Each structure stands twice: as C-alpha cells, then as structure tokens.
Amino acid sequence: MTEWTELQTMLASADEETRLDALRRLPAGDTDAALQLILQALGDSSWRVRKQAVELYLQRTDVDQSAGKVVEQLYSSDNAGLRNAAVEILIRLGSVVTRRMIAETHSADHDVRKFAIDILGGISDSDCTSALIDALRDPDENVRAAAAENLGNIGSDAAVPALLNAMESADLLSRFTILEAIGRIGRPVAIAELLPYKDDQLLRKPLFECLGRVGDAEAFPVLMEGIISGPANASEAAIVALQQLVERCGADFDSNLSVNNSRLLAQTLGNFFSHNKREIRRSAVNLLGLLRDCDNAEKLLDLLSDEEVQDNAFKALVALGSDGAERLAEIWLQVDVTKQSYIAYLFGQTAYRKGVPLLLEAISSSDPQLREIAAGALGKVGDADALKSLINLFSDEVDRVRDAATEAVIRLGGAYTQLALEEIRTCLDHADAATRMAAVAALGRLGGVDATEVLLESLKDVSPQVRQAAVRAFTPSRDETTIEAIALALMDEDAGVRRLAVEKLGMCADLVTLSPLKLALADDDVWVRSAAVRAIGLIGGAAQLPVIERLLFDPVGLVSIAVLDTVEKIVPEQVNDLFTQALEHPDHEVVIAAIHGLVRNAQKDVLSAKSTLLSAHRSVEVRTALYRALAELAGNEALSILTIYLEREQDALAREQLLSLIDNLKAAHGL
Amino acid sequence: MILFAPDIPMSDDEFVLLKDLVYQYCGLHFTPETKYLLEKRLTKRLQHHKLESFRDYYYMLRYGQDKEKEFAEVVDSLTTNETYFFREDFQLKSFTDEILPEISERKLKTGTKRLRIWSAGCSSGEEPYSIAMLLLDMPQFSDWHIDIIGTDISHRVLRLAREGIYGASSFRSTSPDYQQRYFLPEPGGKSKVADRVRKLVTFSHLNLFDSARIALLGKMDVIFCRNVIIYFDVAAKKRVVENYYERLHPEGFLLLGHSESLIKVTNLFQLRHFKHDMVYQRPKPLQEMVMTR
Ligand SMILES: C[S@@+](CC[C@H](N)C(=O)[O-])C[C@H]1O[C@@H](n2cnc3c(N)ncnc32)[C@H](O)[C@@H]1O
C-alpha cells in the first residue's frame with residue numbers, strides 16, 4: 001500500500017482515534033493529495049477530526065489558490081458538519097476570501113447565499129458591508145434575515161440607513177431581525193421611521209427593545225403607552241427599554257408625564273414587582289422611583305425584603321425624599337422591627353429631621369439591627385442632643401451597634417467637635433474595654449491636638465482590643481513620636497496589635513520604618529509576616545526585592561502569597577520568573593495564586609509549559625484553576641488539551657467545570 | 001438579614017475563589033448570576049473583621065486561626081433557615097398513616113422495637129420536634145425505643161433548636177390542639193417545647209458533605225431532608241444523597257421536600273406511591289442487585 005492509500009484507509013476507519021492519527025501522520029507540504037484528504041476529513045462525523053482538519057488546512061501556504069475547493073464544500077447539502085467546517089475555515093481566512101464570498105452571494109443556491117452572508121458577517125471587513133446591504137434585497141427570506149442579522153453583528157453605522165430602508169418592504173421575519181440589528185448596532189436613529197410599526201402586535205416587542213437601545217426622548221410616550229397597553233411580553237420589553245432610555249437621556253422623562261398617565265403607569269409597574277425575571281422587576285422598580293409616586297411608598301417598603309431588587313427599591317424610596325419618609329413614619333408603629341429598620345435607614349438617607357424622635361427611641365430597642373441602623377441614621381440627621389445617647393451605645397453588647405454608634409459620633413462630631421470630644425473623654429476611663437475601644441476609635445478619627453496624646457496613652461491599655469483600636473486610629477504620619485510609638489507596638493504580645501502596627505508603619509511611608517519592619521519578617525505570627533512583606537514593598541520598592549523574595553518559600557502559604565502580590569506590584573516585569581517558581585510551592589493556595597497571576601499577566605507559554613505537571617496536581621482546586629486559566633488564555637487552542645484532561649479527571653466538581661469550559665469554548669467558536 | 005448594597009465590590013477572581021471554597025465546604029452553589037448574593041451576604045463578615053477586600057477575607061478563611069468558626073458564620077449568612085412546625089403536612093400524613101405502620105410491621109416480625117429517624121438540615125428544630133409529637137400521638141410506639149436526630153451545619157440554628165423556644169411564625173401551620181398539649185407558654189408570647197417532646201430528640205452539628213462524620217450516625221429507618229438540597233447542584237446532590245443511601249436500612253425511606261426529586265441525581269432509590277405522597281425508598285437487597293446491575 002502506498003502511504004496515501006494507507007492514510008485514506010485509516011481515515012475511513014470506524015475508530016475516531018485512528019482517523020485522528022491519519023491526520024497527524026499527514027506529510028507536510030501543499031500537495032493536492034494532502035488537500036484531498038483534508039477535504040475528506042472536513043466532512044468527518046467527529047468534531048475532533050473536523051477540527052483537526054480545519055487546523056491542518058489553515059496551516060497551508062497555498063490557501064489563496066485552494067480556497068475555491070473549500071468554497072465548493074458549501075454546496076454539499078447532505079453534510080452539515082462539512083459545511084460548518086468550511087464556513088469556519090472561510091471565516092478564519094478573512095479578507096483573502098472576501099471577493100470570492102461576495103461572488104457567492106449571487107449563487108443560485110439560496111443555502112450557499114446564506115452561508116456566504118454568514119461568512120462575510122464573520123469576516124466583517126469594510127468590503128463586506130455593502131454586499132450585506134445588497135443582500136437585504138435577496139429574493140430569499142432567510143438570506144435577507146441573515147443579512148440583517150450579520151449587519152447587526154458587524155455593528156457598522158453605515159448599514160443603519162439601509163436597514164431602515166429595507167424595513168418598509170420587508171416581511172415579518174426580516175423586520176424582526178432588522179429591528180434587532182438596529183438595536184444591536186446601537187447608533188441613535190430618528191425614531192419617527194420606526195414608530196409606524198408600533199401598532200403591529202408582533203413587532204412591538206423587538207421594536208421596544210430597539211427603542212431602548214437607540215431611541216431618544218421622543219420614544220418616552222410610545223414606551224409609556226406600551227407599558228400600559230401590553231401585550232405582556234411587549235410591556236416587559238417596554239419597561240426595560242424605558243429604563244435604558246432614562247439612563248441615557250433621563251432629563252426629559254418628567255415632561256412626558258401627566259398626572260393621569262403617571263398614576264396609570266405607576267399602577268401598571270406595580271404589577272411587575274413580582275415578575276420572575278430580575279431585570280424586569282428591577283426596571284419596574286427603578287421607573288417607579290422616577291415617578292415619585294408616594295402612594296407606592298409602602299409597596300416599595302415591602303419590596304425591600306426581596307433581596308434581588310432591594311437596592312433598587314431602596315433607591316426608589318430615597319428618591320421620594322422626605323415625602324416618602326413622612327408616609328412611612330406614619331406606619332412606624334404598625335410594622336415589625338425589620339421594617340422599622342428599613343424606615344430608620346431611610347430617615348438617614350433622606351435627612352428626615354422629623355424622624356429624630358423615633359430614631360432616639362429606636363436606639364434603645366431590644367433588636368440589635370434596629371439599634372445599629374437607628375444609630376447610623378442619627379449620625380446623619382441628628383444634632384448635638386443625639387450625641388450623648390449615641391455615646392451611651394459605646395457599651396452596647398453587640399459590636400456592630402458599637403461600630404455604628406462610633407461612626408455616628410464621628411459624623412456628628414464634625415459639626416459639634418468640642419462637645420463630642422468632651423463626651424468621649426469621659427469614656428476613656430470606662431471599666432468596659434469595648435467602650436474604651438469605641439472612644440479611642442472615635443477620638444482618632446476626630447483628630448485634634450490632644451487626640452495623638454490620648455492615643456499614645458491608649459497604646460498602654462490593658463486590653464489588646466483597645467491597643468488595636470489605638471494603632472488603627474493613628475493617622476499615618478512621619479512624625480517621629482508617632483512612628484516611634486507604633487514601632488514599639490511591634491513588640492506587643494498580641495499578634496493583632498503587631499499586625500496593625502506593621503500595616504500602619506507601611507502607610508507612614510518613611511524609610512526609617514524599614515529596619516523594624518524587616519525584623520517583623522521573622523515574627524512568629526504569619527499574618528504579621530505577610531503584612532511586613534507588603535509594608536516593606538510599599539516603602540522600599542524594588543530595592544527591597546531580595547529581602548522580600550527570600551520569603552517566597554515560607555512554610556505558610558499566606559506569606560508566599562504576600563510575596564507574589566508585592567512583587568507583582570513593585571516590579572511587574574519580574575513576575576514571570578517568580579510565579580513560575582511558585583507553581584512548585586507545597587501549599588496549593590500559593591499555586592493557585594500563581595496561576596491567577598500568570599493569567600493576569602497573560603503568560604500563556606509559561607502555563608502551557610507547566611500544564612502537564614499541574615494537571616496531575618493532587619489538589620482539585622489547582623487542577624480546576626489550571627483548566628480555567630488555559631481556557632481563558634489559550635481560548636480555542638485549549639479545546640483539545642482540555643478534552644484530554646476531561647478523560648483523566650476523576651473529581652466530579654472538576655469534571656463539571658471542564659465540561660462547561662469545553663462547551664463554552666465550542667459555543668464561542670461555533671463548533 | 002441583609003441590608004442594602006455592598007460597599008465592597010467582589011472581583012471576578014475573588015468570586016471564583018470564594019464560590020469554589022463555599023461549594024467544596026458545604027455544597028452551596030453560586031453562579032455568576034447569583035454572585036450578588038454571595039457579595040451581599042459576605043459583606044457583613046468583611047465589615048465585622050474590618051477587612052477591605054474579599055481576597056483578604058478568602059485568605060482569612062484559609063489561614064485564619066479561627067477559620068472553623070468563621071466558616072460557620074459564612075454558612076449562617078448563606079443558608080436560608082426558614083422552617084416551621086408541621087411543614088408539608090400531606091407528607092407527614094404519609095409518614096404517620098403509611099410509612100410508620102409499614103416499618104413497624106416489618107420490625108415486629110424480627111422482634112425489634114427500635115426506630116431511628118434523622119432530620120438532616122433540621123434548622124431551628126421545628127421538623128424533628130414535629131416528628132416527635134406525631135410519634136407521641138401514636139400509642140403503638142409507646143414502648144418503642146425512639147431516636148430522632150436533628151442535624152444542621154449552622155451553629156446558630158442549633159442553639160435555637162436546643163433552646164426550643166418559638167415565636168408565632170413557627171406555628172403558622174400548627175393546630176391549636178398541638179400547641180396546647182406539647183408547648184408551655186413563655187414570656188413575650190412565645191412557647192417552649194414540652195420536655196417529653198425534647199427527650200426524643202438529639203441535636204448535632206453536621207455538615208452533610210462530611211461523609212466521614214455522617215458514617216458515625218449509624219443506620220436509619222427514615223431520613224427527612226426537606227428543603228435542604230434545593231440549593232445544591234447535581235454533583236453536590238449526588239454526593240449527599242448517596243450518603244443517605246448508605247445510612248438507610250434496606251427498605252428505609254428518604255423524604256425530600258415537595259418540589260425536590262432525584263431525577264438526574266441517582267437511580268439508587270425506588271419511588272413509592274403512597275396515598276398522600278410519593279416517597280423514595282432504599283430497595284430490598286435482592287432488588288438492589290437488579291437495580292445497580
Ligand atoms: C430551609 S432549611 C430546611 C429546614 C427543614 N428541613 C424544613 O424543611 O423546614 C435548610 C437547612 O439546611 C441547612 N444546610 C444547608 N446546607 C447544609 C449542609 N451542607 N450540611 C448541613 N446542613 C445544611 C441550613 O443550615 C438550613 O438550616
């Protein structure tokens with residue numbers, strides 16, 4: 001048997017691997033015999049074989065001459081795989097085949113015309129656009145629709161007038177597609193040309209979607225009417241579209257509202273609050289906020305328990321301003337504490353002064369959440385009178401409440417500094433550490449001449465929590481006393497204090513802190529060591545690289561990860577080497593961090609080189625990270641290797657991950 | 001409860017790290033579409049630790065000294081613990097009218113008067129206590145040795161379960177008769193489960209993903225796992241349900257929530273049609289051989 005007939009026999013084998021092997025053994029060179037085999041393989045029943053054949057064809061140097069043969073395959077109406085493979089090749093050949101494909105748009109076979117249109121759409125150079133525009137007049141409906149769709153994909157502004165033009169004479173399918181294409185292109189159009197179609201029930205939905213993307217304020221009334229009068233799917237589209245339009249050119253929204261349609265609109269929107277699509281619920285709620293319809297305040301309050309739209313509902317409530325707050329203040333006594341918390345928050349956000357008495361009462365509620373939120377709100381709307389009550393909360397049993405009170409005191413302290421300082425000072429000797437902690441935090445943030453002194457004093461507090469709060473409260477500065485005091489805190493017996501001190505020294509950005517920080521690199525506590533690595537990087541920059549690098553193989557991964565992060569920040573050009581070394585770290589967390597770093601820095605080759613090693617890693621997480629990284633960096637090229645890994649992978653989660661990566665890659669490349 | 005927008009955005013990298021970690025730890029499954037949930041619910045933990053990024057939080061979960069405790073907090077904020085007494089009463093009716101009689105008949109033949117029931121993912125305890133009350137109302141079991149074991153991954157709900165004090169929302173489908181007979185009034189309009197009910201129930205902390213510890217539970221006659229695995233993806237469901245299979249005696253029953261099924265998860269179980277409900281059952285040994293062949 002000659003080599004060629006043997007390859008041919010192999011290619012006819014029932015075994016996929018044998019067929020793949022045939023392709024692998026294909027001698028290099030642009031021979032006709034090879035072309036013949038490749039063309040045969042393009043029609044294979046297995047996608048792996050077809051894919052391999054596509055790649056082989058694309059490696060030829062004579063594609064200019066042989067492309068005609070590939071074009072011929074488009075005519076094999078009985079083999080969809082073959083046609084798709086040919087389409088893929090032609091698209092990837094790009095401009096080289098544009099002229100040929102333009103010629104094929106006049107083929108007698110309407111399927112081929114449609115393929116030609118799709119290929120031109122895929123190539124999408126400037127010469128394609130006019131051929132696609134011409135095809136909008138093709139006698140075949142599917143070809144016309146494909147032309148509109150591809151013009152949409154290419155996104156060429158120049159096509160818009162032609163699309164609008166074609167709209168007039170088009171059939172329903174093409175109109176549908178044209179509206180979608182115009183929307184996708186996204187170039188603003190004079191919507192008067194589109195409005196005539198608003199009464200066609202079947203076109204309302206795509207029309208509204210299109211208006212949402214390309215319309216202007218003129219479309220407001222149409223969409224408002226569309227929301228009110230349905231049908232349901234068109235109302236949904238109109239809601240989303242109106243919301244998009246408002247985002248783009250919201251200023252005019254109000255002028256289109258009369259009292260009447262505003263009511264009706266508000267009511268209709270309310271019906272969509274329980275829609276199962278989040279986007280629609282959200283848009284409905286957002287629009288309702290714009291309508292400023294206080295009658296809906298309670299309804300919006302109810303929506304706050306719907307996690308998916310709660311942010312939007314809250315914004316809508318805030319938009320109602322103090323009128324809305326007033327409405328809700330009226331029902332305060334009838335609602336449960338959860339809703340009271342929401343209302344309290346709203347008082348704060350809308351600066352609703354009249355709510356202060358309710359808030360003052362709420363900070364002694366038995367519900368910690370209500371106390372927390374009421375304290376926060378008082379910080380925003382309260383006055384000097386609220387200060388004392390807030391400071392009392394410094395000894396609350398729940399830390400979130402204490403934090404909220406501290407924040408509130410700091411806020412109010414901005415306006416009533418002297419009073420606040422006096423009140424806080426009384427807490428510094430409090431028996432309860434939590435109270436002292438809050439006081440220290442507040443003092444630090446309020447600042448002032450004697451704050452530093454108090455903080456220095458608090459560094460000696462018996463409670464490590466208070467000492468931590470004190471370190472945290474220092475404003476980073478190059479003041480010698482401060483730096484000295486914080487450096488002393490590096491010797492604290494509490495690791496939390498030491499860690500914060502390290503971080504603070506880093507922020508002081510002063511070279512004198514380098515030597516104490518270097519000592520911290522040998523701290524017993526891993527968090528202190530990692531913080532030291534980062535701090536040294538921050539101050540010392542590239543000059544400190546050797547010191548930092550030494551910790552790459554710290555026995556605890558956390559430190560090594562800090563090394564990687566820091567090096568990436570200060571000497572990005574050196575990440576390659578370091579990240580590659582880190583791939584061998586015994587802690588899988590470090591390996592994952594290194595993989596992510598390589599992806600961020602687009603180090604495809606490094607990863608590919610190490611992929612065999614990593615794909616056998618004992619940690620599933622490392623393997624999954626590798627799979628994702630390959631898919632992200634190598635795209636289409638990763639398909640075959642991921643398929644191999646899939647065969648080997650035992651872990652269910654990792655397999656699922658692989659399958660979905662492979663599916664996504666295939667979908668993205670039309671396989 | 002969660003209040004309003006997260007101040008700290010979660011990057012896609014951080015999302016992948018955290019979602020995998022959570023998935024591996026307890027099977028809860030987050031997709032890019034539900035990323036906002038993870039972001040929102042964990043924000044409070046970041047604030048609590050005064051952290052500035054989700055990456056820091058991730059490393060804290062990996063390297064922190066109190067990582068076990070922190071994981072418990074994560075689970076608490078991510079799981080939905082809603083439950084109430086006598087939830088899904090048609091299923092409980094099947095349980096008392098059809099399942100229990102069948103089990104008792106089978107057991108009496110072998111002369112054992114022992115019944116073991118597991119409420120997996122029991123939340124604050126309403127489910128196992130409901131089961132206990134139902135059993136107390138069946139005189140034929142009065143001389144049986146009964147174990148009802150309630151387990152959950154969340155420490156917070158287990159604390160509530162052990163306390164056994166409940167407010168109105170737990171009683172939304174409890175008949176007044178039950179409330180009178182098996183509860184004692186508490187201040188603030190609450191009610192406390194009576195001691196004879198409590199005596200039947202044991203609570204333990206258990207992650208359904210922890211196969212090794214699950215094996216410690218011993219063999220069960222009935223497993224309730226209602227409204228727990230709905231948040232899992234197929235791979236996670238499989239893992240958990242196969243553990244249940246191991247824990248059940250042959251012919252033991254697995255009761256899932258009304259909207260849950262094992263279609264596409266496993267065919268280890270047989271579906272039995274009762275008058276009030278359809279229920280999964282571990283087949284008899286002989287059938288098992290046929291089914292798993
Ligand atoms: C909605 S409750 C269901 C309570 C009760 N079974 C019922 O149907 O009313 C779900 C419970 O499952 C628990 N859970 C979720 N994932 C778990 C896991 N991996 N291991 C153990 N319990 C889990 C949650 O903590 C929560 O308490």
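Tutor: Buried means under 20% relative accessible area. With that cut-off, we can read this predicted model.

Student: What share of the 671 residues in chain A is buried?

Tutor: Buried residues account for 55% of chain A. Its accessible surface is about 29600 Å², and carbon and sulfur atoms hold 50% of that area.

Student: How many helices and how many strands does chain A have?

Tutor: Chain A has 41 helices and 0 strands. Among its contacts with a separation of 6 or more, 62% are between residues 24 or more positions apart.

Student: What is the make-up of the lining of the second largest pocket by class?

Tutor: The lining has 12 nonpolar, 11 charged and 6 polar residues.

Student: Turning to the strands of chain B, what is the order of the open sheet of 3 strands?

Tutor: Two strands count as paired if at least two bridges are found between them. In this sheet the order is S3-S5-S4 (chain B), and the pairing is antiparallel.

Student: Why is one side of S3 and of S4 left without a neighbour in the sheet?

Tutor: Strand S3 (165-166) and strand S4 (183-186) of chain B are at the edges and have a single partner strand each, so one side of each lacks a neighbour in the sheet. For S3(B), 2 bridges link it in the antiparallel sense to strand S5 (residues 190-193) of chain B. Within that region, B:Tyr166 lies opposite B:Ser191 in S5(B).

Student: Which strands of chain B pair with S7(B) in the parallel sense?

Tutor: Strand S1 (residues 114-120) runs parallel to S7(B), joined by 3 bridges; B:Ser119 has B:Phe224 in S7(B) as its bridge partner. Strand S8 (residues 248-256) pairs with S7(B) in the parallel sense over 5 bridges, and B:Cys225 has B:Leu256 in S8(B) as its bridge partner.

Student: Is strand S7 (residues 220-225) of chain B largely enclosed or left open?

Tutor: Of its 6 residues, 6 are buried, so S7(B) is largely enclosed by the rest of the structure.

How values were computed:
Residues numbered from 1 in each chain as written. Chains lettered and ligands numbered in written order. Predicted model: local features only at pLDDT ≥ 70, side-chain atom pairs only at ≥ 80, totals over all residues. Heavy atoms only, no water. Nonpolar A, V, L, I, M, F, W, Y, C, P; charged D, E, K, R; others polar. Helix = DSSP H or I, 4+ residues; strand = E, 2+ residues; numbered from the N terminus. Buried < 20%, exposed > 50% of the residue type's maximum accessible area, 1.4 Å probe, protein only. Contact = heavy atoms within 4.5 Å. Areas by Shrake-Rupley, 256 points an atom, 1.4 Å probe, with all protein chains shown as cover.
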